[in-house]
Each structure stands twice: as C-alpha cells, then as structure tokens.
Amino acid sequence: MRSCAFLSMDSLDGFYSYDRLAFEPLRELGWKTEEVSWRKQNVNWNQYDAVVIRTTWDYQSAPEAFMQVLEDIEKSSAQLENSLDLVRWNLSKTYLKQLEEKGIAIVPTLWGEPTSTDTSISFDLAQLQKWKIDLATKELIVKPVISANADHTYRIAASLPEQELHEIGKAFEQRAFMVQPFLESIVAEGEYSLFFFGGNYSHTVLKRPKAQDFRVQEEHGGRISAITPEQEVLNTAYQVMEAIQPQPLYARVDLVRDKEGRFVLMEVELIEPSLYFEYSTASPSLFAQALNNSIR
C-alpha cells in the first residue's frame with residue numbers, strides 16, 4: 001500500500017476542511033493517507049510516496065520556513081504535489097502579471113513595495129485618491145502579495161480618516177502589496193471557484209460574503225453553494241488552466257465579474273486551496289484518481 005501525507009497545520013480549529021473526504025477513495029486505490037503539520041520537526045519524508053500540500057493556511061506568517069520544508073520534501077524520495085516550481089511561481093500574487101501577459105483578463109491591479117523601503121509610496125489621502133483615479137473606482141481593496149484566508153486584506157471606502165489609513169499602511173511596512181478596485185459583483189453576485197484535478201474540470205462553487213462584509217471565506221461567514229457554471233465562466237477557467245504549465249495536480253480558479261460584465265481572474269490557487277469536496281460527491285474520487293495517476 002502506498003503512503004501519502006496531506007500537509008496541514010498544527011491545528012485546524014476554527015477552519016473548514018474537507019480533505020478527509022478523499023481518504024476513502026484513496027484507500028480504495030491502495031493509499032494510506034494521514035495529515036501531517038508542515039511545522040512538525042524531524043519528519044522522515046522518505047516514508048511517504050507522495051506529500052500533498054493541503055491545509056497549510058498559516059504559511060503566510062512564515063513563508064521562508066514553509067518553503068524550506070517544501071525544499072526538504074523535494075529532496076526526499078516523496079513526490080511533492082503541487083510541484084515546488086509551481087509553488088514558487090504561485091507563492092506571490094505577482095504571478096498575475098505573467099498571466100495577464102499571456103492574455104488572461106485579471107482584476108486591474110497596482111503593485112506596491114513594503115512601505116518601510118526608501119522607494120515605496122506612503123499610505124495617505126493623496127495616494128488613496130491617486131489609486132482611485134488610476135483604477136477608476138470609489139473603493140479599493142489592499143492586500144499582501146503573499147496571503148491566505150484574507151489575512152491583512154482591507155476594503156478602503158470612499159472616505160477614510162488619515163489615522164486609520166496610516167494604521168493600514170503600517171500593516172504593509174514589511175509586506176509587498178497589491179491594490180485593486182472593489183468590485184460590487186462580489187457582494188451582489190459572488191465569486192466563482194472552479195476546480196481542476198490533473199487538468200480535468202471537477203466542479204464549481206459560488207462564494208458569497210455575509211451581510212456587511214466582502215470576504216467570501218467560510219471562516220469569515222461566507223456562504224458557499226454548488227453551482228453549474230455558465231459556459232463563459234467555464235471557458236475563462238479553461239483559458240487560465242491552459243496558461244499554466246505543467247498542469248498541476250489540483251487548481252482552484254477564482255473568477256469575478258468586472259464592471260463591464262466580463263469574467264476576470266481574481267487568483268488561481270495552486271498551493272493550499274480549499275477544494276470543497278463537500279459540495280461535489282464525485283470530487284473526492286476525481287481527486288484521488290488524479291493523484292494516483294500523477295505518481296511517477
């Protein structure tokens with residue numbers, strides 16, 4: 001029987017995880033699967049045939065340590081999924097620039113360096129107004145380029161006290177960041193997440209924020225529902241997947257509708273996306289089969 005580790009956190013208390021739904025389909029294919037915290041010391045990764053990055057939803061607090069663990073796994077006899085090269089590429093959301101160069105429509109984005117650097121801009125009302133003009137929007141979203149679970153993500157309204165804006169700026173003293181227009185469609189319609197296993201489409205969920213919020217994650221009160229996507233949504237997701245090489249074991253493509261009514265890429269998650277197995281009865285088996293097929 002082959003052995004697989006699902007890379008996780010020390011504790012998933014307060015989080016929604018559906019990964020164990022894949023354990024039985026994997027067992028039927030001859031796999032023994034367990035969850036292992038990426039922070040656990042002195043793990044012998046050679047004991048596993050595969051290590052799959054899954055619920056490592058605190059890695060953004062220590063990205064260098066996280067990458068060191070993945071490099072250790074890469075040096076072992078275990079096969080790391082997704083691959084280290086894909087993780088390196090996907091770790092910083094600056095990958096969106098590369099996808100845009102390949103013709104993928106993304107949410108319009110401005111990029112900023114940590115505010116502690118000499119060449120960086122300051123978070124003040126004048127800069128806020130400039131961003132709004134540049135992005136043709138009344139409200140902004142500011143978030144780190146390395147982030148998960150909407151940590152340090154801010155919705156900045158039409159007016160904001162200077163002191164509050166200064167406090168937001170302090171959150172980016174040591175973090176590169178990105179600035180995007182707030183899209184009303186996220187509240188009015190929701191965010192579409194499409195899942196692919198081994199390059200093959202699996203399922204789609206629609207994520208909506210709770211009232212008076214903009215974050216769609218379940219941990220922040222987001223509401224999740226399974227849907228059959230319209231063809232334009234599916235076509236856009238396929239276009240994104242075609243731009244990613246090699247094809248990952250798993251991918252989550254997050255799309256939103258822009259002000260012109262087009263579906264544009266919010267992000268593509270190749271490191272630790274929730275795969276929402278709960279919302280598609282076939283998806284755990286599709287994932288298990290894709291993993292089984294990927295092992296060299």
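Does Glu35 count as buried, partly exposed or exposed, and at what relative accessibility? In this predicted model, Glu35 has a relative accessibility of 24% and therefore counts as partly exposed. Glu35 is joined to Arg20 by a salt bridge in which the closest N and O atoms are 2.8 Å apart. The two partners belong to distant parts of the chain, with Glu35 in strand β2 (residues 31-37) and Arg20 in the loop between β1 and α1, 15 residues apart. Arg20 has a relative accessible area of 59% and is exposed.

The structure holds 15 salt bridges. One of them lies within helix α1, where Glu24 and Arg27 are three residues apart, about one turn of the helix. The closest N and O atoms of Glu24 and Arg27 are separated by 2.6 Å. Glu24, at 35% relative accessibility, counts as partly exposed, and Arg27 is partly exposed with a relative accessible area of 45%. In helix α5, Asp134 and Lys130 are four residues apart, again about one turn of the helix, and their side chains meet in a salt bridge of 2.8 Å, N to O. Asp134 counts as partly exposed at 43% relative accessibility, and Lys130 is partly exposed with a relative accessible area of 47%. A network of salt bridges links Glu191, Lys207, Arg252 and Asp254.

Aromatic pairs number 20 in the structure. Tyr18 and Tyr276 form a tilted pair, at 6.0 Å centre to centre and with 40° between the planes. This pair links distant parts of the chain: Tyr18 is in the loop between β1 (2-8) and α1 (23-28), and Tyr276 is in the loop between β13 (263-269) and α9 (283-294), 258 residues apart. Tyr18 and Tyr276 are both buried. An edge-to-face pair is formed by Phe197 and Phe287, with 5.5 Å centre to centre and 80° between the planes. Because Phe197 lies in strand β9 (residues 191-197) and Phe287 in helix α9, the pair ties together parts that are 90 residues apart in sequence. Phe197 counts as buried at 3% relative accessibility, and Phe287 counts as buried at 0%. Phe197 and Phe287 also belong to one aromatic cluster with Phe6, Phe23 and Phe277.

Charged groups are also placed over aromatic rings. The charged end of Arg54 sits over the ring of Tyr250, 5.1 Å from its centre. For Arg155, the charged end sits over the ring of Phe182, at 3.8 Å from the ring centre.

Gln180 is located in strand β8 (residues 177-181). With a relative accessibility of 2%, Gln180 counts as buried. The side chains of Gln180 and Thr109 are joined by a polar contact of 3.0 Å. When residues up to four places away in sequence are not counted, Gln180 touches Val107, Pro108, Thr109, Leu135, Glu139, Leu140, Ile141, Lys143 and Met266.

Helix α6 (residues 162-170) has Leu165, Ile168 and Gly169 as buried residues. Viewed down the axis of α6, the buried residues fall within an arc of 100° and so line one face of the helix. The buried residues of α6 pack against α5 (125-135) and β7 (154-156).

Conventions
Residues numbered from 1 in each chain as written. Predicted model: local features only at pLDDT ≥ 70, side-chain atom pairs only at ≥ 80, totals over all residues. Heavy atoms only, no water. Phe/Tyr/Trp six-rings, centres within 6.5 Å; stacked < 30°, edge-to-face > 60°. Helix = DSSP H or I, 4+ residues; strand = E, 2+ residues; numbered from the N terminus. Buried < 20%, exposed > 50% of the residue type's maximum accessible area, 1.4 Å probe, protein only. Lys NZ or Arg CZ within 6 Å of the ring centre and 35° of its normal. Polar contact = N/O pair within 3.5 Å; in protein donor to acceptor, adjacent residues only side chain to side chain. Contact = heavy atoms within 4.5 Å. Arc of directions from axis to C-beta. Salt bridge = Lys/Arg side-chain N within 4 Å of Asp/Glu carboxyl O.
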